Amino acid sequence: MNRIRILDESVSNAIAAGEVVENPTSMIKELIENSLDAKSREIKLEVWNGSFDISISDSGCGMSKEDLLLSIERHATSKIITKDDLFNIRTYGFRGEALSSIASVSKMILSSRTEDTANGTQMNVLGGKVTNLKDIQKNVGTQIEIKDLFYNTPARKKFLRKATTEYLNIKDIFLREALANPNVKFILNIEGKESIRTSGNGIENAILEIFGKNYLKNFSKFSLGYLGNANLFKANKDSIFVFINGRSVKSKIIEEAVIAAYHTKLMKGKYPSVLIFLNIAPTEIDVNVHPSKKVVKFANQSAIYDLVKSEIENFFSDDENFISPHIEVEEVESFEEDKKKLEYSSNNFLDINDFKEEKENLSQLSVVPKDNYLKKDYRDIRDEKQDITYIDNIIKTSSNEIKENIEILKKIDEGFDLIKKENEKTNDKYIFNTEDTSRGKIFDDFSNLKNIDFRVIGQVFNSFILVERNNLLEIYDQHIIHERILYEKLKQEYYNHSMTKQNLLVPIRFELDPREKQLALENTEIFSSFGFDIDDFEKNEILLRTTPTMDLRDSYENIIKEILDNISKNKDKDIRENIIVSMSCKGAIKANHKLTIEEMYSMVAKLHEVGEYTCPHGRPIIVKMSLLDLEKLFKRK
């Protein structure tokens, strides 16, 4: 008896469906992309019953009766004809497997009509077999209804994730398709409630409609898409959106390029929010890597990496406002509006008719609570005449107090106007002069500093420098300023092989554990390149004979151990960058370090000469606040 046999068609179709329809989300992706290939300008998706029931309708070109019947056959497609077409793919779909695979594991109703036919066609399919075909009245386009997904493959249905997870994944793929096609209107309803809607009016509208105004406000447009600032940093890479030729894809090489370009602008464990749109000749990419078509391969990966990285870095060449957070005050009512409200209250409060009901109720009460405003004791209400007298007293007293308050507010307002006029008369600029920094003790080379229009106000908490510049109040973190400057200096010296070191009159001896000592002796060249010459000594000790010619504000033993820790944790990586970051941090002045005014001027000026506005670990150096926001805080605006 033969042991090998050809599988029944229904079984082979169910197996093939497993490659394309892994879950409801992957099925929805295929259906959306079919609608996009049909040149649809509007796509509506409805999902129920934990994503096992789905309806998708579009305004695309539609299908004739003959095409509708062919659409559920395996490898039936309108998108490619020859083998060579696989290397020049310009559509989302091309394999001709999606509808066939979906039909084999669901109960499906397909309705479609083309522009050149008067009636549409409806086809019912059960487990891949056509059960009904009829003419219907329908608009141009296609609608696909799927009921009881995986009804005939219970094992697959059993191991699907819970409904909330599937809905989250559906939202993710839907918003990706909406971002990739911002000129198409997208609507997503989940369990009868609208979840996502875009208008099809361009990418910025799509960003606003999907993510909200906070994203649009904190995104900056650049040559390849949009870059999010520090307000949009995330704990994972899920907000790095990559679109190639209008297709949402996952690309490790592009993600690496983005993160490398954001280097020193990202805090540890943080990733940027980015939209990258690339148009690449179809012959230069391969989208036929995986049935999901999420992964692409490039003919020239290094060129793509360099392009993305360089374009982002070019945008960051003047990144001060992009990186530096702004303190913003929520909108509050203006002073004039406050006055109007008080006056409005005063006018209405004087109307005795407003108290008719209270007057009638008071006659029935035996006790009224003490009025805090008039400081009265509890008293009995005896008759109506006393009630009216009591209310009149409240009205008169309250009216007088309100009038007095309005007069006080008017005087304050006049005072603000006077100050504003005085400020308008003063047009003095605070011009930074390099001569003012010559007495600074932190830097010794001021020959190339720019003349920058700013004024140092002073130092607060011996940790932050207050600066007035460009009509903004700026707060600088002194440790991060110095750290960034040292980082740029050390990096330049190291890669130019100009890092200097000094011999110690008496070598420093310190002890390491056996593993640390072995690691140190194996990497003496790395230590030497950063100015540390070390020698073996007895037992578990080493000798440090030279150090870099910079003021390191930590013990040499701690610095050596930190470098060893870096080497140990990154055995297969280039750790030079980590060492430069570590040394710049160790060399920078700390918080609670009192500075002279000259030192503050020199640090701020040198920072703007460097032109980088985060520390090497990604923290922002400057926090800014506008005059308008200050005025809002003081209720002047």
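**Notebook: cores, a sheet and a helix pair**

I started at M27, which touches V21, I54, I102, I146 and L149, leaving out residues up to four places away in sequence; contact here means heavy atoms within 4.5 Å. A note on the ground rules: this is a predicted model, where local features need pLDDT of at least 70 and side-chain atom pairs count only at pLDDT 80 or more, while totals for chains, interfaces and linings use all residues. Residues are numbered from 1 along each chain as its sequence is written, and side-chain values use heavy atoms, with hydrogens and water left out.

Next I looked up the cores. M27, L45, M108, L110 and L179 touch the most other members of the largest nonpolar core, which has 51 residues. I take such a core as a set of buried Ala, Val, Leu, Ile, Met, Phe, Trp, Tyr and Cys residues joined through side-chain atoms within 4.5 Å, with buried meaning under 20% relative accessible area (1.4 Å probe, protein chains only). Helix α6 (residues 163-180) gives this core its largest share, seven residues; helices are DSSP runs of H or I with at least four residues, strands are E runs of at least two, and both are numbered from the N terminus. I also found a second, separate core of 49 residues, with L227, F298, I323 and I621 among its members.

Then I turned to F150, in the loop between β6 (141-147) and α5 (154-158). Is F150 buried or exposed? It counts as buried because its relative accessibility is 1%. Beyond four places in sequence, its contacts include V21, E22, N23, P24 and F52. P24 is 126 residues from F150 in sequence, yet their C-alpha atoms are 9.4 Å apart.

P24 took me on to helix α2 (residues 24-37), whose axis comes within 9 Å of that of α6, crossing at roughly 25°. The axes are lines fitted to C-alpha atoms over the stretch in contact, with angles from 0 to 180 degrees between N-to-C directions. So α2 is roughly parallel to α6, a label for angles under 35 degrees. On the α2 side, P24, T25 and I28 are among the residues that meet α6, where the partners include E166, N169 and I170.

Last, I checked an open sheet of five strands, ordered β16-β25-β21-β20-β19 with mixed pairing; strands pair if DSSP finds at least two bridges between them. β16 (326-327) and β19 (455-460) are at the edges with a single partner strand each, so one side of each has no neighbour in the sheet. β16 runs parallel to β25 (residues 622-626), joined by two bridges, and I327 has M625 as its bridge partner in β25.

Key:
Buried means under 20% relative accessible area, exposed over 50%, partly exposed in between (1.4 Å probe, protein chains only). Angles under 35 degrees count as roughly parallel, over 145 as roughly antiparallel, 65 to 115 as roughly perpendicular and the rest as oblique.
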